[in-house]
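Reader: I would like to learn how to read the structure below. Could you take me through it step by step?

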Amino acid sequence: MTHVSQARLDIAAERARQREAEGYSLEHDDAHVGGELALAAACYARPGAGNDPVPPADWPWEASAWKPKTRRCDLVRAAALNDAEIERLLRLIARAADASAQLAPGGVPSVVEQNAALIEAVTQCAPEMTRLRGVNAKI
């Protein structure tokens, strides 16, 4: 039997709460293309975040969305926000792959078509990856 830690269960529960209680759908998450989910996660993960009712200067959203609690709760929230960002990136990659697969419907794409699809997918993802590098540099 696989052991699932209480932390992982709490992170999954927080992610579900964000979607169900807060209404943060996948489409909502997909609209955050500037690394906001990861940046918000970093803000909650900082030591002492729960001690300050004022959001950090790099908080990506309005101040009313800053809701720190205990250290553990803030870390769970940070992990759930990171999950949301990872899921968003996976959906972005899947959309790019789907777009490249549509280049040759009904047949096997040529090497030229495959390379063009790969270049297009990388081109679509490159701005996102550049933004994320900047977010990661701040963390």
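**Helices and a pocket**

Author: Let's begin with a crossing: α1 passes α4 in a right-handed way, where helices (H or I, at least four residues) are DSSP runs numbered from the N terminus. A crossing is right-handed if the near helix is turned clockwise from the far one by less than a right angle, and left-handed if anticlockwise. Please keep in mind that this is a predicted model, where local features need pLDDT of at least 70 and side-chain atom pairs count only at pLDDT 80 or more, while totals for chains, interfaces and linings use all residues. Residues are numbered from 1 along each chain as its sequence is written, and side-chain values use heavy atoms, with hydrogens and water left out.

Reader: How are α1 and α4 oriented to each other?

Author: Helix α1 (residues 6–20) and helix α4 (residues 71–101) have axes 8 Å apart and pack at an angle of about 65 degrees. Axes are lines fitted to C-alpha atoms, for helices over the stretch in contact, and angles run from 0 to 180 degrees between N-to-C directions. Angles of 65 to 115 degrees count as roughly perpendicular, under 35 as roughly parallel, over 145 as roughly antiparallel and the rest as oblique. The two helices α1 and α4 are therefore roughly perpendicular.

Reader: And how are α3 and α4 oriented to each other?

Author: Here the axes of α3 and α4 are 8 Å apart, and the angle is about 165 degrees. The helices α3 and α4 are therefore roughly antiparallel.

Reader: Which helix supplies the largest share of the lining of the largest pocket?

Author: A pocket is an open set of points on a 1 Å grid over the protein atoms alone, where a 1.4 Å probe fits, with protein on both sides within 12 Å along at least five of seven lines; lining residues have an atom within 4 Å of a point. The lining has 19 residues, with Glu22, Tyr24, Trp61, Ala65 and Leu81 nearest the centre. Helices α1, α2 (26–30), α3 (36–45) and α4 each supply at least two residues. The largest share, 4 residues, comes from α1.

Reader: Where is the place of Ala65?

Author: Ala65 touches Tyr44 and Trp59, not counting residues up to four places away in sequence. Its C-alpha atom is separated by 10.0 Å from that of Ala40, 25 residues apart along the chain. Ala65 has its place in the loop between α3 and α4.

Key
Contact means heavy atoms within 4.5 Å.
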